[in-house]
Amino acid sequence: MIAVRNKLSVLGHKVMMVFLSLPVLILAGCNIWEDLPECPPTTGKVWIGLSFTYHNTKDDNGNHKDLFGETVRRTDLFIFNENNLLVKKIEDTTGPFTNGYRIPIELPAGTYHAVAWNNLYSNEATLISPEPVEGVTREEELTVQLSELDKKQITLHSLPLLYGKTESFTISENDLTRAKDTVIPISLLRNTNQINVTVKWLVADTGKPCQDASHAESTHIYIKDNNGIYDFSNVQQAVDVFTYIPSYLTNSQTVNKEGYEAALYAKSTVMRMFPDSSPRLQICNVLPDGREVTVYDADLMADFIGKLYNEQEKIDRCPSFDIEITFKCNSWVAVDIIVNGWKLQDSGDMDIQ
């Protein structure tokens, strides 16, 4: 009997040990039966990570800040295989769009590259043509363009359009069972700029600001350009000349230190500018019968922006260009031109205001 009791005692101890061990095994998520597979290894994902530091805003340490979170409201990602065939299209309109943003991608083994457009379709101002179809559309077929090109008048103004492209990357069979995440980076650049034009007038005899609001009320501002289509390598494509119709601030008078002055404020969102591009700034006087007469015409890049921003990087990093032109009353002779706080001298050089 003693031998029997000891045997039972030992058996009970084993049973107790088994039950004590069960919670540990269950928490570990593993199977305790020897005839079933072992626990699978942790599998990492492949991500596309986006950032936007190609601008002029710096932090306290002099580094360019990542402004992705405050700039982007939509991301469209296109993944192509080594034959430039579209294999996956990902659209994100909900975010959250914060710094450190990334998109997970699931792809079979192969070689790929990805193109990202951000804020596409914003205010319906831009679109993709033709409609991309996975497994059918090739990269060289796709373009991003202004949606109103057929009308030759651009009235819609988008949020900043940002573009980026990855280097070629390869997913191997081993990558499909990786233990850590892999992030493929895309550094974005700005594909649009904002042009803000202010027109003022001086009384010819006194040189003081003119207060006649009719000057502003009878003036229209336009930008003529032929830059409205880009391929997926961000190369400009040929297009006929069209006109940007700006949005205007409603007030035709503003207040300065000397009192009221007549002023017209107009802003336009234009596609990416280049040192050798030649968009034209056109100012028209609206006659009583509604006809418009061009009273001022200048090369927006050569005569204004290019005086200060003569390199592609300088242009791309600048979000907007503020141009202020002051005319003599009733003569349309420009007596003062300022670009982003720099005054344009008669010699064509720039001098700080």
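A: The largest nonpolar core has 55 residues. A nonpolar core here is a set of buried Ala, Val, Leu, Ile, Met, Phe, Trp, Tyr and Cys residues joined through side-chain atoms within 4.5 Å. Buried means under 20% relative accessible area, with a 1.4 Å probe and protein chains only. Trp 117, Ile 195, Phe 304 and Ile 305 have the most contacts inside this core. Strand 19, residues 259–271, gives the most to this core, with five residues. Strands are DSSP runs of E, at least two residues, numbered from the N terminus.

The model is predicted: local features need pLDDT of at least 70, side-chain atom pairs count only at pLDDT 80 or more, and totals for chains, interfaces and linings use all residues. Residues are numbered from 1 along each chain as its sequence is written, and side-chain values use heavy atoms, with hydrogens and water left out.

Now Ile 195. Not counting residues up to four places away in sequence, Ile 195 touches Ile 223, Ala 266, Lys 267, Ser 268, Val 270, Met 273, Leu 300, Ile 305, Phe 321 and Ile 323. Contact means heavy atoms within 4.5 Å. A second, separate core has 24 residues, including Ile 48, Leu 67, Ile 90 and Tyr 112.

The largest cavity has a volume of about 40 Å³. A cavity is a set of points on a 1 Å grid over the protein atoms alone, where a 1.4 Å probe fits but cannot get out; lining residues have an atom within 4 Å of a point. Volume is the space filled by probe spheres set on the points, which are joined across faces, edges and corners. The lining includes Ala 125, Leu 146, His 157, Tyr 244 and Met 271. It divides into six nonpolar, five polar and no charged residues.

Two polar side chains remain. Asn 234 sits in the loop between strand 15 (229–231) and strand 16 (242–244). Asn 234 is buried, at 7% relative accessible area. Its side chain makes a polar contact with the side chain of Asn 191, at 2.8 Å. Beyond four places in sequence, Asn 234 is in contact with residues including Trp 117, Tyr 163 and Arg 272.

Thr 137 lies in the loop between strand 6 (126–129) and strand 7 (143–146). Thr 137 is buried too, at 4%. A polar atom of its side chain lies 2.8 Å from the backbone nitrogen of Val 133.

Technical notes:
Helices (H or I, at least four residues) and strands (E, at least two) are DSSP runs, numbered from the N terminus. Buried means under 20% relative accessible area, exposed over 50%, partly exposed in between (1.4 Å probe, protein chains only). A polar contact is a pair of N or O atoms within 3.5 Å; within protein, one must be able to donate a hydrogen and the other to accept it, and residues adjacent in sequence count only if both atoms are side-chain atoms. On a 1 Å grid over the protein atoms alone, a cavity is a set of points where a 1.4 Å probe fits but cannot get out, and a pocket is an open set with protein on both sides within 12 Å along at least five of seven lines; lining residues have an atom within 4 Å of a point. Ala, Val, Leu, Ile, Met, Phe, Trp, Tyr, Cys and Pro count as nonpolar, Asp, Glu, Lys and Arg as charged, and the others, Gly among them, as polar.
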